[in-house]
Amino acid sequence: MAGILLVFLHFLFLVIVHTAPAVSAARARILIYSATTGFRHDSIPTAIAALKAKEGEIDTDFVATEDPTQFTDDNLAGFDAVIFLSTTGDVLDDAGQAAFQNYLNLGGNFVGIHSASDTLQNSTFYVKELGASSLGQANFTVDVLVPSHPSVSMLPIAWTIADEAYNFKSDPRDFGAVVVLSANESSYIAWFQEHGAGVQEGGVAGRSFYTSLGHLNETWQNDLFLSHVLGGISWVLQANTTRGFNSSARVGNPMSTISASSSSLTAASVQPSDTQGSTSSYVFPKCNQFIC
């Protein structure tokens, strides 16, 4: 009788092991904010459509809004990154800015595109998080400065693109940014911050990425440009400071937290990030064509 029981228990164990849920790939949730109170780019709908069409390629759900009341602690807590897409002017009131500041303090990631640098120019934390505020438009030929970064690794060293970019009031490197695209020694096209400078002391810094390109509808139909933007987005998501990739994080898509039986995960797979967003202790469940 004991032998039969042992055989049954062994069979039951095999059934449980083989039917246990597999580790699900992390899926991020990103808020696209495109409100304007100044100049409005007619490329905004084209840009949103282009990003949404690429959701599957970077395992991301994009949620687009121009409603500033969406900037509350509770709502922002559900996103792994926030994109300011061609925003202009003072698009958030004090309460919205406070919620956004809090989101960044909790490890939220940020991406600014084009005239995001012409937004909230009197908001110190926002300017730091983005890296600089714009002064005016510039004509340019793009040079790739850091070809290994995922936002530019697909670009030729000298990249010709018909678009508009900006001059800036300050050097983004003053806030710790690394410039990846430039037009000349004093004109910066795109950059990243490993730890967003807009975070208050004691906060958990996510990543920040900015590109000043994205003015024209035609730009958003350019495959190289889209790869540039998606590479930057993919890079910020791997800060390991949001729930899309770290179950211990305090903001991010709660539905994408890895769920599996404890027997199918290694300890290294679920280590929490440190306060500076290191990715060294996390095994990312999936790569995409832009970053691994």
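This text walks through the aromatic rings of the structure. The model is predicted.

Start with the count. The structure holds 16 aromatic pairs.

Take phenylalanine 168 and tryptophan 191. Their ring centres are 5.1 Å apart. Their planes meet at 75 degrees, so this pair is edge-to-face. Now look at where the two residues sit. Phenylalanine 168 belongs to strand β8, residues 165-168. Tryptophan 191 belongs to strand β10, residues 187-193. The pair therefore ties together parts that are 23 residues apart in sequence.

Are these residues buried or exposed? Buried means under 20% relative accessible area. Phenylalanine 168 has 12% relative accessibility, so it counts as buried. Tryptophan 191 has 1%, so it counts as buried too.

Phenylalanine 168 also pairs with tyrosine 210. Here the ring centres are 6.0 Å apart and the planes stand at 85 degrees, so this pair is edge-to-face. Tyrosine 210 lies in strand β11, residues 208-211. Phenylalanine 168 lies in β8, so the pair links parts that are 42 residues apart in sequence. Tyrosine 210 counts as buried because its relative accessibility is 0%.

Next, look at a group of rings. Tyr33, Phe71, Phe84, Phe100, Tyr103, Phe110, Phe125 and Tyr126 form one aromatic cluster.

The charged end of arginine 29 sits over the ring of phenylalanine 79. That charged end is 4.3 Å from the ring's centre.

Technical notes
Residues numbered from 1 in each chain as written. Predicted model: local features only at pLDDT ≥ 70, side-chain atom pairs only at ≥ 80, totals over all residues. Heavy atoms only, no water. Phe/Tyr/Trp six-rings, centres within 6.5 Å; stacked < 30°, edge-to-face > 60°. Helix = DSSP H or I, 4+ residues; strand = E, 2+ residues; numbered from the N terminus. Buried < 20%, exposed > 50% of the residue type's maximum accessible area, 1.4 Å probe, protein only. Lys NZ or Arg CZ within 6 Å of the ring centre and 35° of its normal.
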